[in-house]
Amino acid sequence: MRAMIVDDEAPARSELRYLLEETGRVDAITEASSAREAVEKLMDGKADVMFLDVSMPKTSGMQLAEALHRLKNPPSVVFVTAYSEYALEAFEVDAIDYLMKPVEPERLVQALDKVQARMKPEPQTHSSVERIPVVKSGRKVLVPIDEIRYVEAKDDYSCIYTDDDRFLSTISLAKLEQKLAPHGFFRVHRGYIVNLKYVEDVEVISSGILQLGVSGIEGKKISVSRRRVVALKRALGL
């Protein structure tokens with residue numbers, strides 16, 4: 001998930017960035033101190049969700065949200081503000097949530113849940129959803145998602161591991177994350193996606209650093225990014 005924080009106050013942006021990183025659910029965060037800067041950065045790179053302060057000099061967050069609402073594929077909008085009186089107006093511009101400052105981590109997670117739900121791809125046919133196309137010995141093979149233990153990034157490609165084989169896919173890790181997340185997969189590191197139902201042990205190797213063991217893959221240990229530890233523990237019920 002890619003997020004943009006739009007707030008004219010630098011401390012507020014830093015605080016929200018910290019909270020977002022703590023969730024482990026945001027892959028990239030950009031910041032903008034004004035609506036104009038936000039539009040410029042949005043043109044340079046897509047954002048899945050924009051966290052907008054309502055009160056900003058010149059163009060307000062509400063005005064920016066109205067402009068975004070007219071885009072063909074607008075990002076989700078979450079307002080982050082100290083004022084409660086704009087809540088009704090916020091939802092009239094299709095904001096997905098409205099958070100009050102100081103932001104509570106639990107409310108932020110709820111907002112991300114809503115964003116994630118909106119990002120889910122439309123229902124597809126059984127063959128395209130439940131299997132992933134890969135390359136094996138020069139031919140296309142469809143690997144059932146349920147058999148995938150984990151996926152590892154390999155430059156511009158992805159390497160998919162089952163309990164007894166591995167396959168090269170031309171689909172990027174970011175796109176595989178979107179496809180696999182609804183099936184119980186979790187991105188534990190920028191280089192790895194893991195099928196949580198095959199995680200058989202979690203080892204703390206030093207302060208705050210975790211490694212995962214995956215059933216059916218003997219000897220393999222997968223490192224967990226520090227900023228994804230909290231979200232992973234929540235996903236595993238730890």
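Does Asp-94 count as buried, partly exposed or exposed, and at what relative accessibility? Asp-94 counts as partly exposed, because its relative accessibility is 37%. The model is predicted. A search of the whole structure finds 18 salt bridges.

**Asp-53**
- An unreviewed UniProt entry annotates Asp-53 as "modified residue: 4-aspartylphosphate".
- Asp-53 sits in the loop between strand S3 (49-52) and helix H3 (61-69).
- Asp-53 counts as buried because its relative accessibility is 5%, and the cut-off for buried is under 20%.
- Leaving out residues up to four places away in sequence, Asp-53 touches Val-6, Asp-7, Asp-8, Gly-61, Val-80, Thr-81 and Lys-101.

**Glu-31 and Arg-17**
- A salt bridge joins the side chains of Glu-31 and Arg-17, at 2.6 Å from N to O.
- This pair links distant parts of the chain: Glu-31 is in strand S2 (residues 28-32) and Arg-17 in helix H1 (residues 10-23), 14 residues apart.
- Arg-17 is partly exposed, at 24% relative accessibility.
- Arg-13, Arg-17, Glu-21 and Glu-31 form a network of salt bridges.

**Arg-118 and Asp-94**
- Arg-118 and Asp-94 form a salt bridge, with the closest N and O atoms 3.8 Å apart.
- Arg-118 is in helix H5 (residues 105-119) and Asp-94 in the loop between helix H4 (87-92) and strand S5 (97-100), so the pair ties together parts 24 residues apart in sequence.
- Arg-118 is partly exposed, at 43% relative accessibility.

**Lys-136 and Asp-165**
- Lys-136 and Asp-165 form a salt bridge, with the closest N and O atoms 3.1 Å apart.
- Lys-136 lies in strand S6 (residues 131-136) and Asp-165 in the loop between strand S9 (157-161) and strand S10 (166-169), so the pair ties together parts 29 residues apart in sequence.

Methods
Residues are numbered from 1 along each chain as its sequence is written. This is a predicted model: local features need pLDDT of at least 70, side-chain atom pairs count only at pLDDT 80 or more; totals for chains, interfaces and linings use all residues. Side-chain values use heavy atoms; hydrogens and water are left out. UniProt positions are given in the numbering used here, feature names are shortened, and annotations may be inferred rather than shown by experiment. Helices (H or I, at least four residues) and strands (E, at least two) are DSSP runs, numbered from the N terminus. Buried means under 20% relative accessible area, exposed over 50%, partly exposed in between (1.4 Å probe, protein chains only). Contact means heavy atoms within 4.5 Å. A salt bridge is a side-chain nitrogen of Lys or Arg within 4 Å of a carboxyl oxygen of Asp or Glu.
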